[in-house]
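Please read the following account alongside the sequence and the coordinates, moving from the sheet to its neighbours, then to the aromatic residues and the metal site.

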Amino acid sequence: MFAAPVNRLITELARLPGIGQRTAQRLAFHILSASEDEALALADAIREVKATVGHCEVCFNLATEATCRICQDERREAAIICVVEQPSDVIPIERSGEFHGRYHVLGGALSPIDGVDPEDLHIAELLERASSNGVTEVVVATNATTTGEATALYLADALRERAPSVTVTRLASGLPVGSDLEYSDEITLGRAFRGRREL
Ligand SMILES: [Zn+2]
């Protein structure tokens, strides 16, 4: 229907989460009608983020250096590690102001049907961290979805075996079932943190 380059842009935009064909078309036409500077600023921002942002070598959160800003912050308690699925999950927890420890980003949740096994996530690194340097608690803040819950149970078992002195806790219920952490508001999340229970 459109020229090949326009189709290509629509196809790429439609790959973004939450963007359907219609929205992709609307965005493509917006970009086409924007000035060259404005449109290329978007392209440059994408290129820059891919070139400069990587993963923290300790916790796998996003980082522009070898380690992320949270791991570099001496004021953060090293004894408590909060485990999340994705780097985007760190943001709502930070916003809740309830957590002052460190993070560990798994890179997803266990889902054997989709071929996501423990080796595919940063689980070995978590067990290593939890069993070494004075860690007393691991808070499992994976999503309240089937895969997030299955991951939490798996981690609780694995941690009991590898780091028996560490208390494993799960965020309190109150987070909507089946929901992603990313979308919960900070008050609910803060409450879930304070009410966390042992797994
Ligand atoms: Zn880090």
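Arg-170 has Arg-197 in S7 as its bridge partner, and this pairing belongs to the contact between strand S6 (residues 167-170) and S7, which run antiparallel over 2 bridges; two strands are taken to pair if DSSP finds at least two bridges between them. Helices (H or I, at least four residues) and strands (E, at least two) are DSSP runs, numbered from the N terminus. The model is a predicted one, in which local features need pLDDT of at least 70 and side-chain atom pairs count only at pLDDT 80 or more, while totals for chains, interfaces and linings use all residues. Residues are numbered from 1 along each chain as its sequence is written, and side-chain values use heavy atoms, with hydrogens and water left out.

S6 and S7 are part of an open sheet of 5 strands in the order S4-S3-S5-S6-S7, with mixed pairing. Strand S4 (102-105) and strand S7 (197-198) stand at its edges with a single partner strand each, so one side of each is left without a neighbour in the sheet. Strand S3 is joined to S5 by 4 bridges in the parallel sense, with Val-139 in S5 as the bridge partner of Cys-82. S3 also pairs with S4, again parallel and over 4 bridges, and here Ile-81 stands opposite Arg-102 in S4.

How many residues of S3 are buried? The count is 5 of its 5 residues, where buried means under 20% relative accessible area, exposed over 50%, and partly exposed in between (1.4 Å probe, protein chains only). Both faces of the strand are covered, with Ile-80, Cys-82 and Val-84 buried on one side and Ile-81 and Val-83 buried on the other. Helix H7 (residues 146-162) lies across strand S3 (80-84), strand S5 (137-140) and S6, and runs at about 170° to S6; such angles run from 0 to 180 degrees between N-to-C directions, the axes being lines fitted to C-alpha atoms, for helices over the stretch in contact, and contact means heavy atoms within 4.5 Å.

Turning to the aromatic residues, the structure holds 3 aromatic pairs; rings of Phe, Tyr and Trp (its six-membered ring) pair if their centres lie within 6.5 Å, and planes under 30 degrees apart count as stacked, over 60 as edge-to-face and the rest as tilted. Phe-99 and Tyr-103 form an edge-to-face pair, at 5.2 Å centre to centre and 65° between the planes, and both residues are buried. Phe-99 also forms a tilted pair with Phe-193, at 5.4 Å centre to centre and 35° between the planes. Phe-99 lies in the loop between helix H5 (90-96) and S4, and Phe-193 in helix H8 (residues 186-194), so this pair ties together parts that are 94 residues apart in sequence. Phe-193 is buried, as is Phe-99, and ring pairs link Phe-99, Tyr-103 and Phe-193 into a cluster.

The remaining site is that of the zinc ion, coordinated by the SG atoms of Cys-56, Cys-59, Cys-68 and Cys-71 at 2.2 to 2.3 Å; donors are N, O and S atoms within 2.8 Å of the metal (3.2 Å for Na, K and Ca). The donors follow the spacing C-x2-C-x8-C-x2-C along the chain. Cys-59 lies in the loop between strand S1 (54-55) and strand S2 (62-63), and Cys-71 in helix H4 (residues 69-72), so the pair ties together parts that are 12 residues apart in sequence. Both Cys-59 and Cys-71 are buried.
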